[in-house]
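Subject: Structure handover

Hello,

Here is the structure you were waiting for. My notes on it follow below.

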Amino acid sequence: MAEAGRVAVSDSGGLLPGGFWAAVAVWLERPQVANKRLCGARLEARRSAALPWAEARGPRPSAGPEQEEGPGPGPRPLAGPARGTVGRGRPEARGRRQLEQAQKEAASAPLLAGNPGQPGKAGDGEGDLPATDLDLLWDDFSRSLGGGSPELLAFLTGPGAGSQPETQHELDVVLRTVIPKTSPHCPLAAPRREIVVQDVLNGTVTFLPLEEDEEGNLKIKMGNVYQIRLSDSREEWFISVLIFCPERWHSDGILYPKPTWLGEELLPKLARWSVENKRSEFKSTLSLISIVKYSKAYQELKEKYKEMVKVWPEVTDPEKFVYEDVAIAAYLLILWEEERAERGVTAKQSFVDLGCGNGLLVHILSSEGHPGRGIDVRRRKIWDTYGSQTRLEERAITPNDKTLFPDVDWLIGNHSDELTPWIPVIAARSSYGCRFFVLPCCFFDFIGKYRRRQSKKTQYREYLNFIKEVGFTCGFHVEEDCLRIPSTKRVCLVGKSRTYPPTEEVLIDAQRTQYITSRRGCPVRLAGRKPSTSPPQVAAGCVGHCDGHRALDVGAECVPEARPAQCAAGAQVEGPWLPGFHPRDKAEGTRNCATLPRDFIDQVVLQVANLLLGGKQLNPRSSQNGSSKTWNGGESLSLAEVASELDKETLRTLKRECGGLQTLLRNSHQVFEVLNGRVHIRDWREEKLQKKKQPEAKRRLFSESFKTRLCWFFTHHPDGCALPSDCCPFAHGPGELRPSQATKKKKRIPGAASSPGVEA
């Protein structure tokens, strides 16, 4: 046995030992957070077990007298109730309560694969072990331990196990599959299975990798057995990583890194997570689909559509949007593949993407064999590059009885903005078999912006709960999952099935109508009678990121006969379902403060600069340059403090712009610097030092704009400019102004002759 690393943990918040098990759960369920070469893990089964007592360990201990501590120096393992103190001088009763509570939390940790004892989705037909095989594996392993492996038995339980009566020494045994990340540059590593043994009372978690022998039987790979241990000594906590047979450790660089990685990379992360008082509001990523299948599909799609990055004609970041839509497409393809297997059908699902934006998601899904189309209020340049097989329509929609999709299997809302809360409604009323997938981004209600109802939750979490509430009220079983996309808003909601039989459609639709109407004011909970044995209940407790590639409203095909007659009870036959909904204009207005009147911008800049300079009078013109001793750099103020000094009319004008005051100040880059919500006067002496570290391309652009604009500080600052005229990139007076040296790139007309003066 060898120690790969040990780190002391400062527990000022009193989070240990419970925080240790929370950190272990991250490594157990989401190993890709620490090891970037992994795609994830799937927990397949869990059971409680007890280790056998080998004859070499002597007679079984009794519950009375204390036993000796384990041999050897160093910190002792986390003791059980038999010890007098645990940790930093805590009394015995408190230590017992903490350990018992930690044990309960660890035992009740959620399984990604479902309930304990149930088979998971690690591979779904790709050679996975049934969850019931965990019993056989553990029984065989236990017999081998009791028969002739006292060293491994001692390593598994830790030196403090001798103090525990057998009745108290209960273990939590988990079977998991670790899934490597696929890459076209290296051969595909197969998923590996492990038995993970959690001994809460002794503060140890041991990882036992499984491998096949020559006869195809699974056995423990003794060389790669390692353990993470929590211990305390002299009122300090320690977390260590130990390797059972370091001389037989085999590292493949992916599933099994080098022992130094365990001690230098994994261990510090575990220590940090142990004392972070954070509980995620969201599910683990890809909890509804097979991670193995997703990883394979994502790499194949990424390789297939990577050329889109090179021909991207939009102003948006091509890598972000291409690979984000590739990841969403991979998720939907696996979700739909598993749905076909569950339903026993072979025909690929049809879809409509409402608010399809650049249309790449529609293009990928259509190219992979799913019949569908995308609809958006505004056409994009890239639409012309997809070809005729990708159906994209430019039109707007107002949710009503004429805009339904009775023959479509799935409605997609990928950053569909104003239409997001309407998508479950449209799906529910289109047909009983229609399902939905939404990826909420900006926060919209049925009409206008969504207004927060609770302050104890983040706005994002509250809005997701609202969309789930809409789905439940519409009669869907709504499931939540977290995608792996380069976005801060990556939680999706999926409605795959209904909570009521088709015969109760009229009653449920009346419930939908009542709920939608109630959203005009404060939301109300429906207190009507239950329509079925499993009705769509309003979720308990339910009541600014914008990726810029979706339009707020979308179009749909007019289908007057789409809605069944029996579904029309309580809803309007003509007109919108909720008056007041207006589609977004086809042309997007610019709201980045760039179109505000120049006089208005100058006035706000002067007013804010005056605040930062302590109320000193700003000169209309100053002829002296500042110096390092006398130049006034002013103070810093928060954006809220600055806003409180502006008049109401100015704030109303700024509020109509995206970003408001902060955007205006950031646009005034010459004068201000906005960092972490605080506004500073920019000191160009520091900028001059930083300029030397900038890339050559950026320095060239900077030199091309040299002296093409007047220096604001020379004109307005009471101490003049902090830089002398020859060093300042801006003109100290009209006499220094020069024309811009930036050259415009000439575009050749396709097929035109290569002659001077021909431009696109």
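A disulfide here is a pair of cysteine sulfur atoms within 2.5 Å. By that cut-off, a search of the whole structure finds 0 disulfides. Cys711 is in no disulfide, and the nearest cysteine sulfur, that of Cys721, is 3.9 Å away. For Cys727 the closest cysteine sulfur is in Cys728, at 8.8 Å, which is too far for a bond.

Two notes on the source. This is a predicted model, where local features need pLDDT of at least 70 and side-chain atom pairs count only at pLDDT 80 or more, while totals for chains, interfaces and linings use all residues. Residues are numbered from 1 along each chain as its sequence is written, and side-chain values use heavy atoms, with hydrogens and water left out.

On accessibility, buried means under 20% relative accessible area, exposed over 50%, and partly exposed in between (1.4 Å probe, protein chains only). Cys711 is buried, with a relative accessible area of 1%. Cys727 is partly exposed, at 28%.

UniProt, in an unreviewed entry, places the feature "domain: C3H1-type" at residues 705–735. The annotation "zinc finger region: C3H1-type", also from an unreviewed UniProt entry, covers residues 705–735. UniProt positions are in the numbering used here, feature names are shortened, and annotations may be inferred rather than shown by experiment. Over residues 705–735 the chain is 16% helix and 0% strand, with the end C-alpha atoms 16 Å apart. Helices (H or I, at least four residues) and strands (E, at least two) are DSSP runs, numbered from the N terminus.

Next, two helices. The expected span of a helix is 1.5 Å times one less than its number of residues. Helix α6 (residues 291–305) has 15 residues and should span 21 Å; its end C-alpha atoms are 21 Å apart, which agrees. At the start of α6, a side-chain oxygen of Ser290 comes within 3.4 Å of the backbone nitrogen of Val292. This is a polar contact (a pair of N or O atoms within 3.5 Å; within protein, one must be able to donate a hydrogen and the other to accept it, and residues adjacent in sequence count only if both atoms are side-chain atoms). Buried residues of α6 include Ile291, Val292, Tyr294 and Leu301. The buried residues of α6 pack against β2 (38–49), β4 (171–180), α7 (318–343) and α8 (360–367), contact meaning heavy atoms within 4.5 Å.

Helix α11 (residues 505–518) has 14 residues and reaches 20 Å from first C-alpha to last, close to the 20 Å expected. Among its buried residues are Ile508, Arg512, Tyr515 and Ile516. The buried residues of α11 pack against α9 (422–430), α10 and β16 (491–498).

Last, the aromatic rings. Rings of Phe, Tyr and Trp (its six-membered ring) pair if their centres lie within 6.5 Å; planes under 30 degrees apart count as stacked, over 60 as edge-to-face and the rest as tilted. The structure holds 25 aromatic pairs. In one of them, Trp138 and Phe141 have ring centres 5.4 Å apart and planes at 55°, so the pair is tilted. These two are 3 residues apart in helix α3 (residues 133–148), about one helical turn, and both are buried. Phe446 and Phe466 form an edge-to-face pair, 6.1 Å centre to centre with 80° between the planes. Phe446 lies in the loop between β14 (435–439) and α10 (459–473), and Phe466 in helix α10, 20 residues apart. Ring pairs link Phe446 and Phe466 into a cluster that also includes Trp422, Tyr515 and Trp577.

Regards
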